[in-house]
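Hello! I'm handing over a structure for you to explore, and I have put some notes below it. Open it up first, then read along with the model in view.

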Amino acid sequence: MEIPYEVKARRDTGLWNAKIGIWLFLASEVMLFGGLFSSYIFLRLGVEPGVDSPWPTDVQLVPYGFVNTLVLIASSVFVVFAWLALKEGNWKKFQMWMTTVIACAFLFLVLKGIEYNYKLTHHGMRLIDNSVVEGVVLDHTDRIRFEAKTVSLDVTTGSTEFLNWIKKGEAPVFQLKGEDGQLEDIGSVSSWVKKMRRKTNKQIAASRSERWRAKRQDREPDPEALKQITRNYTLVSTEPFQIYADDARLSGYDDKGMSFVDGSKVTGKLLGDSIKFEVHEVDLQMIPVGQQDQALVWKLINDEAVKSGWDHARDDEIKKMEEYYLEGKGVPVPDRQMRSRRVNVHGFHESGGEEHAAKSESGGHGENKAEHGEHADAKESGHDVGEEVELGSHGEIVIEVPRRQKKFLSNHGPAYGTYYAIYFTMTGLHGLHVIGGIVVLGYFLLFGKKLFLKDPEHMANRVEVGGLFWHFVDLVWIFLFPIMYLF
Amino acid sequence: MSASTTTHEQSESSSDHHDHHDPPFWQKYIFSTDHKMIGLQYGFTALIFLAVGFFLMMVMRWSIAYPDRPIPLLSELPWFQMWLDDEGKVTGELYNMFGAMHGTIMVFLGIVPLAFGAFGNYVTPLQVGAPDMAFPRLNMASYWCYFVGGVIMLVSFFLPSGAAKVGWTNYSPLATMTDTNYSNIWWTGQTQWLLGMVFLISSSLLGAVNVLVTIINLRAPGLTWMRLPFFVWAMLVTGFLLLLAFPPLEVAAIMQLMDRVAGTSFYLPTDVLNNGVLMDAAGGGNPLLYQHLFWFLAHPEVYVLILPAFAIVSEIIPNNTRKPLFGYKTMVYSVMVLGFLSFIVWAHHMYMTGVGASVSAFFQTTTVLISIPSVILLTSMLISLWGGSIRFTVPMLFATAFIPMFGIGGLTGLPLAFNLIDLHLHDTYYVIGHFHYVVAPGTIFALFAGIYYWYPKQTGRMMSTWMGHLHFWPSLIFMNGIFMPMFFQGMAGFHRRAFDGGKAYEQISSQIFAGKDTLLANLFHGGDAILMIDLNIVMSTSAWLLAIAQIPFIINFFISIRFGKKVNSDNPWDATTLEWATPTPPPHGNFVVDPIVYRGPYEYSVPGAESDFSPQTEPIAEGEKPAEEGTH
Amino acid sequence: MANSPEEIEKHRKAYWAVGIALFVFTGVTVAVARFEFFDFGEPGVSAIDVAVGLAIAVFKSTLVALIFMHLNHEKGLIYKILLFTCYFAFGMVLLMLYSLWNPIHAAF
């Protein structure tokens, strides 16, 4: 059996099957990205001034996006050349062009990866008065640190959340603590919990059906069924272990212990909960100009040099605005333009910051070195920030933020705001399409020769279809680049 | 000599030719690329899912009718205990979970796959005279995507968190906040629901592309657009709806997935509280965004549910009235207009969200407009009955029942189109009744009709007629027994998500109306509120009896494969469309001789013709006066 | 469709030209966004900047669609499919934005 019109076009429609197929598929892709673009517009226009964080517009590594655009356009040109080569019947030339296309695609992904990595290794923190600092969290201090020995959990509802947060390198061995204080080996905690959950549920079911049956038969239930069924167990570690937990996964904590959202409790000694943060930028857009001097962030930084440097930057900006609006147009500066944008505070601290930085860092100074080196690398790759950055831990502005003064803390990943969310979602999905394109075009390149020798026109048709998809991927990026990177 | 007998003889003679390269079992029955086998796979899987969805509903109905009694059978199962309270009664959590999954399973895993996957796959290529779908391997991929999606949904029931429980609409921010207390957020029902949806959406997209290309490019010679059976037209429009409406849901699902696993706040406004505690999220999002994207799919989805039903019924009615379909051309245009309008009515699901007065006005208008093509379709079918010599075969019984049942469902939807009335009826049982009249006695009856109608094509045997009657009549009665009281309850203000059967409703209505002498108070004072609640027992009992009424169908379905009455030709119903010109069952590649089409799809009782049906493959004989194309 | 060698040569030239045009316009977009000399309207990102940037993007994507994706000489059916899609896509975007307009806030 052969499907008609696989290679040759049908007369009345003038098309072969795969061509209609790919255009229908692209139509659905248009709706997919249409949905994403309309979400973008919906979210961006939906930003309420004074309530939501303003939409950030200058936070991208533009050179990377620019080069990536050129790379994709070039690959789009090459893919039509590959198709033309097949039309000429020249397999060698096709191979050459197609290899270039796939190389371009990989280059695109590598550049994208560098961008992602840069974002994911930088942090931002919103304080309770909505002032924002951006920079790097030091020593995993975004977590709450405990030295613990005992864990108690309810096996029916409880899971083993706490296991996820035990500090890397620690390998505590847990033993079950009986009612009489006897310790008992249990092996792997998670499989023990699973076993106990099954057992306890069975007991509950048995007791319940016994009570129900007794009620129906109008007799006293078996006393065994009325007994309290143990659900709570206590586990004790042989050695104290360190556990660093994300506070979003906690329902509460104090000096002696913390409880996770799944109900399990860890008791021990609080090592610390304040956040050590290396400040790169200060952003007071959410605070009206008149109140910016009292912003919480200045109490934390507590450094006149930095403050006055920041003030200068803000005053310059205001002056520029006044020049444009008051003098140029004769209208007062609109409120939205009076907000101070992100200001890079590196370099402001040189006169008096040394001492402070050194003081607040006298802690895990030594262990930090390696990590700082990493951050410095990331910084070097980003050209738009931190040109005056000094490497190493000396000379950075480091603040210690009490946890209750933090409102929200995250790396510049998707969680950091709706802009970052839609940026990562759209470029991520686009990246998946690029990977899909690599797979399809790579398949043609590696395994297409047989079909080419058998029926060159069929092969050319396939490459045309693959090329149409590839152009569509390029077309999406043409829109993504300005709306994500530039405006 | 009729074309059907020719093909039959030729199939006999060429059967040995077909036998010697019979594919191995797994290729023939499991990873098959034959559109008929894939259609059957879709059909069986979807029927199983329909049964699962029905079972969930029966548990829920127990909780509504007898909230004080432990649930029978399930309360004895040890692993089920975590979902029951200490006395073995259904908890609110379980009710929510089953409610959400009932909707999801019925819509996305039951009816759409059965209507579009099974019938669309099996019948469409046959009716357009194609040897197979345009992309057989994509077709297989489509089924297996669906299968994986279904398995994910089923597995999610057995996770510690249980399956999704935020309603089939899965609204954020509730969906974002639910089940976040489990250590691995991926292994919660709510997240698995989203993953399952991604698979189901991919499956629908592949299926839709395939059906569309098949219809556009693989039509037999002579089968012009206006000679296509209405079934194919409806499938074409359904395909477009699936193709273009599903991607925004995929977007919504991906963004909700990001909200759950990556901590984004697409659907979380700034400073959103969860149980009175500030959520650890950046905020700045908008829950309305989810509803827009969801309903942008879900309203066209309603037409995806109903158009295949129209398609099936409009095949069966002309066949059993022995006269052409009334207003074929009008129906074709109506179904296209329906498709167009279905994309711009979605916000009538969102009147309660405060979307804005002017936008509400717009959507009210379009919603009322869309009832015009629907009514044209229904009226055409109704008029098709007029003056025909009707054969009440089992498929015809279901098809005729479809018309008034869908009529009730459609007409009760009209009040909901209006903003003000919707504010009162929103989220009451009225809405449930409306929707289920469209889908349960509507679409599902049409699907049953289709199964009875095309069964002999695949098996070569008819399903038993008296068992069919035993299936049909109780189903009709009990369907109405379930859904009719919902209208009364809904208009009395009965909320749809009351898992205890409306205790709060009873309390409130007796408080509000106590000692007042108004019409409403007299209606709903004290005891009458209890009367409303007692309707629950009628409905629940109907539901369980409806389950029993399906037993004859299941028996009939399996027994008839072996013991049904053998058909005496390839065309047992004396039908005109192309699928009956194939051997029984159609071999791989379908047609023994490539069909050529000479006439329209519903040439029944053509003046001057030999018999009362003239198949599309039969050239127009001298002395015949077939109606002009498309103007039946 | 390109079938004869001369036609293929013609196509190749057109593709080079379009590729170079796309490169140039990408540069122009960045310039509009980044250099004050090209800054239309208010300082910073203003509606005009966005409009100019998007207009260039639309122009670029039209080039890609017409030349690279051969939409300049395609069959009528493809245009019909795309027309449907545009109708639905624009319907979605515009109606979603329409619902942002005069929302009913007072009740909440």
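The peptide bond leading from Ser172(B) into Pro173(B) is cis, with omega near 0°.

Before we go further, a word on the model. It is a predicted one, in which local features need pLDDT of at least 70 and side-chain atom pairs count only at pLDDT 80 or more, while totals for chains, interfaces and linings use all residues. Residues are numbered from 1 along each chain as its sequence is written, and chains are lettered from A and ligands numbered from 1 in the order in which they are written.

How confident is the predictor? It gives the complex an ipTM of 0.93 and a pTM of 0.90. For chain C, the mean pLDDT (the predictor's confidence in each residue, from 0 to 100) is 85, and 88% of the residues reach 70 or more.

**The chains**

Chain C has three helices and zero strands, in the order α-α-α from the N terminus. Chain A has 14 helices and 13 strands. Of the 487 residues of chain A, 39% count as buried; for the 108 residues of chain C, the figure is 28%. A residue is buried if 20 or more other C-beta atoms lie within 10 Å of its own, exposed if 12 or fewer, and partly exposed in between, with C-beta atoms placed from the backbone.

**Where the chains meet**

Two residues are in contact if their C-beta atoms, placed from the backbone, lie within 7 Å. How many residues of chain A are in contact with chain C? There are 41, and they meet 39 residues of chain C. Helices H1 (17–45), H2 (62–88), H8 (304–329) and H14 (456–486) of chain A each supply at least two residues to that side of chain A, and H2(A) gives the most, with 13 residues. By class, this side has 27 nonpolar, 10 polar and four charged residues. Here Ala, Val, Leu, Ile, Met, Phe, Trp, Tyr, Cys and Pro count as nonpolar, Asp, Glu, Lys and Arg as charged, and the others, Gly among them, as polar.

The contact between chains A and B takes 50 residues from chain A and 50 residues from chain B. On the chain A side, H1(A) gives the most, with 14 residues, and the residues divide into 26 nonpolar, 18 polar and six charged.

Two packed helices are described by the angle between their axes and the distance between the axes. The axes are lines fitted to C-alpha atoms, for helices over the stretch in contact, and angles run from 0 to 180 degrees between N-to-C directions.

Helix H13 (residues 394–417) and helix H16 (residues 465–491) of chain B pack at about 10°, with their axes 10 Å apart. H13(B) and H16(B) are therefore roughly parallel; that label is for angles under 35 degrees, with over 145 roughly antiparallel, 65 to 115 roughly perpendicular and the rest oblique. Their contact has seven nonpolar, three polar and no charged residues.

Helix H12 (residues 357–385) of chain B also packs on H13(B): the axes come within 10 Å and cross at roughly 165°, which means that H12(B) is roughly antiparallel to H13(B). This contact includes Gln364(B) and Leu382(B) from H12(B), and Ile403(B) and Ala417(B) from H13(B).

**A few single residues**

Leu114(B) sits in helix H5 (residues 92–128) of chain B. Is Leu114(B) buried or exposed? It is buried, because 25 other C-beta atoms lie within 10 Å. Leu447(B) is 333 residues away along the chain, yet the C-alpha atoms of Leu114(B) and Leu447(B) are separated by 7.7 Å.

Most residues other than glycine have a negative phi, and most peptide bonds are trans. Asp574(B), however, has a positive phi, near 55°, and Ser605(B) has one near 50°. The bond from Thr584(B) to Pro585(B) is cis, with omega near -15°.

Enjoy looking around!

Terms used. Helix = DSSP H or I, 4+ residues; strand = E, 2+ residues; numbered from the N terminus.
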